[in-house]
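Open the model in your viewer and keep the selection tool at hand. This tour moves from stop to stop.

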Amino acid sequence: MPSLLRQTEQDKKNTPHSLLPFLQSQSQNTLTRLYQRPSSCLSIFRLLAPLERQIVMNLLWLESAIAASTMAAWVQRDGRKLYEESLANLSYLHILPNSAAKLALNFTFKTSLRQALTGGGISGSFGVPAEKDDKQPGPDIEALDSFALERWETILHYMVSSGTGQNPTKPSQGVLFLLQRSELMNSFYGGPLQITSAGFQFLLHSPHAQLWDLLLQYLHLAEERQMDLVEVLGFLFMLSTMDLGREYSIENLSTTQKAMLEDLRDYGLIWQRRPNSRRFSPTRLGTTLTSSSPPLPTTTGVGSGPKEGFIVLETNYRVYAYTDNPLQTAVLNLFVSLKYRFPNLVVGMITRDSVKKALMNGITADQIISYLITHAHPQMRKNNPLLPVTVQDQIRLWELEKNRLKSSEGYLYTSFTSQADYELVLNYAKQLDVILWENTGKRCFFGSLEGHSRIKEFIERRTQNPNS
Amino acid sequence: MRAIKGVLLVCDPAVKQILLSMNEKQSFIIEDLDDHHLVIKADEEYRVRRELETELEKNTYSLD
């Protein structure tokens with residue numbers, strides 16, 4: 001699926017990874033402690049944008065600082081802005097301290113990343129593999145995949161079918177709490193959990209983005225629970241560098257990290273034979289956290305969705321989805337009116353009502369279109385443009401239709417006695433930037449609610465001493 | 001000088017005409033500003049939006 005890959009590559013280029021802003025908001029102390037772990041440095045390196053990686057690589061093996069002008073000489077004029085942005089990003093992460101004259105990597109980061117690439121240094125940063133146990137061999141990759149998939153789809157399926165009257169299997173309490181905290185789901189007046197508009201948008205994201213959305217919430221939660229953020233982040237990064245299908249020992253984990261095992265098991269990032277088992281195996285969800293390979297197994301064997309895109313959309317608004325996956329069907333049901341269901345195929349229509357329902361739930365037209373593009377069937381990729389233009393436009397028009405009436409509360413100022421009076425008040429209101437509409441001919445204007453008290457005050461001041 | 005409290009509606013001329021005809025049944029418009037702008041009573045906004053919605057709904061048909 002070359003075109004699909006290209007698209008995800010592009011996405012990455014435009015938007016930085018969602019974890020980076022979180023890291024940037026952390027103190028230098030926290031980051032420096034994090035950078036002591038080679039696995040964390042390697043993972044963060046993988047999350048950086050291509051140019052940032054390039055800069056780091058260039059500086060990594062230099063023993064002393066180099067003049068900033070030497071580096072800048074490589075940059076062409078039109079790449080200037082991009083280059084400076086990259087330098088700024090790296091300095092927010094405290095990887096490359098901000099300096100006008102000399103460029104050198106943060107010493108801790110440099111040492112650890114070198115270790116990650118060449119080996120050696122403190123052991124255990126990449127996890128300690130457990131001794132092979134012949135009596136109880138670890139799970140094979142297939143078993144791990146189906147476990148991860150089952151856990152993850154349970155969460156998504158629970159979200160998508162809330163409020164539809166079905167009763168899907170509930171995820172664990174920890175997951176439910178996290179969903180509620182992240183405002184993806186909400187309970188109204190103590191009733192059962194209902195999906196929110198943020199939750200609907202969440203469902204249309206790629207699994208990778210979804211995973212990080214939840215983990216970011218988990219990190220915020222960890223901060224509140226007074227868990228050591230460095231331990232938590234370090235463990236996630238360690239997971240992301242582990243080998244799929246290998247068992248790891250929990251001996252080297254800190255207390256915080258041992259406490260995390262249960263949560264990670266609930267999300268399907270790791271597998272353990274028993275809750276108190278001395279060993280764990282990371283699943284594909286865990287090992288792909290910082291890589292660009294898909295986080296979920298994509299073989300049809302384990303009952304997941306098809307490998308590549310599965311949606312065919314025709315100019316007559318018909319949707320053919322080649323899938324037997326209940327989750328994908330449920331997600332489609334958010335904005336498609338489904339007609340028939342066959343063992344490997346679901347047929348539906350995009351109608352005004354079905355799109356309107358989605359819009360009411362807070363899903364935007366762009367999200368629907370981007371979901372259709374990301375999951376388009378390989379057959380569709382021969383078309384240019386990929387989706388029929390009529391359907392795309394119509395979905396956008398339906399969205400516009402919802403916004404035919406804009407309203408804003410405020411005050412209409414009218415019946416001014418003279419043109420001079422009108423202009424005086426109007427100019428004052430213009431300074432406050434509260435005017436929503438004005439008409440000099442009619443000598444009236446409409447100001448927003450916020451500006452009213454100050455305009456009123458101004459007029460009162462004027463009437464008391466008109467000459468000031 | 002007078003200041004009148006209300007809600008400024010920004011809409012297209014077609015919607016404005018519908019609002020004007022709705023106004024004849026039950027008055028809610030304070031001031032008709034121009035083709036795209038109306039000021040209406042603040043407490044009537046919800047009702048007006050709902051009635052406009054049903055009115056616009058009459059002009060559409062669905063394939064279902």
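How many bridges join E6(A) to strand E7 (residues 279-282) of chain A? Two bridges join them, and the strands run antiparallel. Strands here are DSSP runs (E, at least two residues) and helices are runs of H or I, at least four residues, numbered from the N terminus.

Before moving on, note that this is a predicted model: local features need pLDDT of at least 70, side-chain atom pairs count only at pLDDT 80 or more, and totals for chains, interfaces and linings use all residues. Residues are numbered from 1 along each chain as its sequence is written, while chains are lettered from A and ligands numbered from 1 in the order in which they are written.

**Stop 1: a sheet in chain A**

Stay with E7(A). Select A:Ile270 and you find A:Pro282 in E7(A) opposite. Three strands form an open sheet in the order E5-E7-E6, with antiparallel pairing. Two strands pair if DSSP finds at least two bridges between them. Strand E5 (248-249) and strand E6 (270-271) of chain A are the edge strands, each pairing on one side only. Strands of a sheet pair through backbone hydrogen bonds, either parallel or antiparallel.

**Stop 2: helix H8 of chain A**

Select residues 107-118 of chain A, helix H8. Its 12 residues should span 16 Å at 1.5 Å a residue, and its end C-alpha atoms are 16 Å apart, so the two agree. The expected span is 1.5 Å times one less than the number of residues.

Color A:Phe109, A:Lys110, A:Ser112, A:Leu113 and A:Ala116: these residues of H8(A) are buried. Buried means 20 or more other C-beta atoms within 10 Å of a residue's own, with C-beta atoms placed from the backbone. Their cover includes helix H4 (38-47) and helix H5 (50-60) of chain A. Just after H8(A), A:Gly119 takes a positive phi of about 85 degrees.

**Stop 3: where chain A touches chain B**

Show both chains. The contact takes 24 residues from chain A and 27 residues from chain B; residues are in contact if their C-beta atoms, placed from the backbone, lie within 7 Å. On the side of chain A, the largest share, nine residues, comes from E12(A).

Zoom in on E12(A). Nine bridges join E12(A) to strand E1 (residues 2-10) of chain B, and the two run antiparallel. A:Tyr413 stands opposite B:Ala3 in E1(B).

**Last stop: a recorded domain**

Select residues 393-459 of chain A. UniProt, in an unreviewed entry, places "domain: Transcription factor Tfb2 C-terminal" there. The span is 48% helix and 28% strand, with end C-alpha atoms 49 Å apart. UniProt positions follow the numbering used here, feature names are shortened, and annotations may be inferred rather than shown by experiment.

Technical notes
Two residues are in contact if their C-beta atoms, placed from the backbone, lie within 7 Å. A residue is buried if 20 or more other C-beta atoms lie within 10 Å of its own, exposed if 12 or fewer, and partly exposed in between; C-beta atoms are placed from the backbone.
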